[in-house]
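Please keep the structure open while reading.

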Amino acid sequence: MWADNETDEDLLGFDFVVDSLFVALTEPRLLPLTIGLLGDWGSGKSSVLKIVHAELEALRDGDEPGHYVCVEFSPWQYEDYDDVKVALMAAVLDRLEREVTDTEDQERVSWLRRRLRAFRGRGRVFGRMALTTAPGVLSGMAGFVDPSLASPELVQAGTSILGAAAGAGEQALQDPPNDAERSAGADPTGEVRAFKEQFATLVGNLTHVRAVVVLIDDLDRCLPESVVDTFEAVRLFLNSPKTAFVVAAHQLVVESAIDSRYPELRRADGSGIGADYLEKMLQLKVTIPALSAAEAETYMNLLLAELWLADEQFTTVRETVRQRRVQNPLGVGFNLGVAEACLGVEELPKPLVDDLMWAGHIAPALTGGLRGNPRQLKRFLNNVMLRLRSAQRRSINLNPAVIAKLLVLEEQHFGDFKKLFDWQMAATGTVEQLRLAETHVRGSAYSADGDQPDTPADGPDRIDSDAEGANPPTVPRSRVRARRGADPDPGPRLPSEVAEWVGREHMRAWLQLEPALAGHDLRPYFTYARDKLSLGVVATRLAPRLQELLANLQSDVVATRRAAVNTVTTLEVEEREQLMPALLDAVVRNPAGLALTAAAELVARIPDVVQIVCEALMQVPVSAVPAQRVASVARNLPLDHPAVVALLDRWQGSGVSGLERAVTTVRRLAAQSGR
């Protein structure tokens, strides 16, 4: 199995992303520089950062003297118990201190550390100043932070802040001053300027350091204030010659966090400033694309090869894949045919041959459903292996190809998966409805035991390993014949429930995937899907369409979940009343799951469900409430609704520090925006 962690081995073929970052970071004329490494959750951002880190640190002397100093920082790891802004600056100073040899610079580091203690916990001084100063002062402050920000648009935005601060609004935004703030004097801009000048001098004196590169990860996991604090630390304190910052994040999530932090700056059309804010903060953007079908198949196959091959064999495979990617970046870089060509048939372990066969069969359906997301692909393979090895512990012989095909249906179309389960539970062995469906879709060439008489024993066609850039067919020949116009034998007239099942395009595609399942007793396989099949009495009574909708509401794929939310808003009241208890049951059983996100999104679209959603959340133990999700959930809740007030009161008085702090932040932001 495979750890769900970042890695410094590039199995994704993201060298073009690494190259873009490397070129920008090693160009002295671009410094100081802030780069956004943008991509969806699970797209490989953390792995790219690790690879860039390793390549930069490997550049020691050579054509140019000196080396790069890299600092890794995750604001998400600090926000529960530290000031994120100060933690970032401290992490940079800690790393630079190891480079300092001069006594004067050592004293400078000590001075900077003392100033950090003064900055710690001071609150958002500049935000409060904006509420009590004239627009001209705001413009001057913006120009000091970043000359490009001193624009008429920002001055206009500052004027709107001034208006929002009138009366009780200003009082709501005030944080009580602490001792450090009282002793800080009346000129915070002067303090920031002094810190920045001393920091720039320190970095400039390190003549053996080409540049200080700060790699910031996990920003999209943070609460809105932590997001803004991180950018504030970069732009106000650390942005100086010979420095570069790479911020890895999901762009839409960060934009949403910024919008939430500054709700008073929303435009007349309701749009926020998040996108404009990032445009000002990021001089360059490098985007990690979703994997294409060919890239996703290569990635899956490489993971399987890593599982079964010896280190030296896998090194050979990786070099072969690298060369093939150079020749044809958009083709499949590794599959069974490539493995046989570069290692020899006799060197391939039998389990790897089997795994590459079934992975090739399901790849088209899988890569489309998971939208080319590396983390989701890895988790899918882990689920296959987990079920296979769990069965082996009980001496149960399961076919990994069958596990994989069923898992595709389970994760992408749960309602249809549940229908197959119901048929299996009513059968004594094999499923007659499944046999009829496969015969109808595949044609009579497929026998009841799942064999393919017209397909050679070695399985689907393999690529010609000598054909440059050739892509392997990943579908059985019967499907190729169907594309060419050969109609499958429809067989006998189908029962209505089977006809409805195979009448869906995605089911016809799934039924044509290898292997055929009609000859299998699927009961042992369903045993390992009990966590989803045991959804409770309410869920099991749902119609298949609603069961699939329930599964889609909890999908890891954002587009799938949002489409399901849209569908729920169109349901008749009776259907909605059937669906909501099942969804809220999922929330209570797994509050860290995506059912919570879906429930909150539904509140924003269907206000009359707020009461039952809050009642469900009141049943969740406070220790199980995911504090990091409170801000995103609360954005969808009407904070003045009595049920919401009671819920937030419970969380704020829970004694769970992270949860209490999250609710406090939510309510303070709400006071700012007048919600």
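## Two packed helices

H30 and H32 are roughly parallel to each other, because their angle of about 25° falls under 35 degrees, the limit for that term. H30 spans residues 573-589 and H32 spans residues 610-618, with axes 9 Å apart. The crossing of H30 past H32 is right-handed (the near helix is turned clockwise from the far one by less than a right angle).

From H30, Met580, Leu584, Val587 and Val588 meet Ile612, Val613, Ala616 and Leu617 of H32 (contact is heavy atoms within 4.5 Å). This H30 contact with H32 holds eight nonpolar residues, no polar ones and no charged ones.

## Basis of the model

The model is predicted: local features need pLDDT of at least 70, side-chain atom pairs need 80 or more, and totals for chains, interfaces and linings use all residues. Numbering starts from 1 along each chain as its sequence is written, and side-chain values use heavy atoms, leaving out hydrogens and water.

## Nonpolar cores

The largest nonpolar core has 92 residues (buried residues joined through side-chain atoms within 4.5 Å; buried is under 20% relative accessible area, with a 1.4 Å probe and protein chains only). Leu37, Trp358, Leu420, Trp501 and Trp510 touch the most other members. Helix H19, residues 400-412, gives the most to this core, with eight residues.

Beyond four places in sequence, Trp501 contacts Asp416, Lys419, Leu420, Trp423, Leu434, Ala437, Met507, Trp510 and Leu511. A second, separate core has 51 residues, including Val84, Val203, Leu206 and Cys222.

## A mostly covered helix

H28 runs over residues 544-553, and seven of its 10 residues are buried. They are Leu546, Gln547, Glu548, Leu549, Leu550, Asn552 and Leu553.

How values were computed
Axes are lines fitted to C-alpha atoms, for helices over the stretch in contact, and angles run from 0 to 180 degrees between N-to-C directions. Helices (H or I, at least four residues) and strands (E, at least two) are DSSP runs, numbered from the N terminus. Angles under 35 degrees count as roughly parallel, over 145 as roughly antiparallel, 65 to 115 as roughly perpendicular and the rest as oblique. Ala, Val, Leu, Ile, Met, Phe, Trp, Tyr, Cys and Pro count as nonpolar, Asp, Glu, Lys and Arg as charged, and the others, Gly among them, as polar. Buried means under 20% relative accessible area, exposed over 50%, partly exposed in between (1.4 Å probe, protein chains only).
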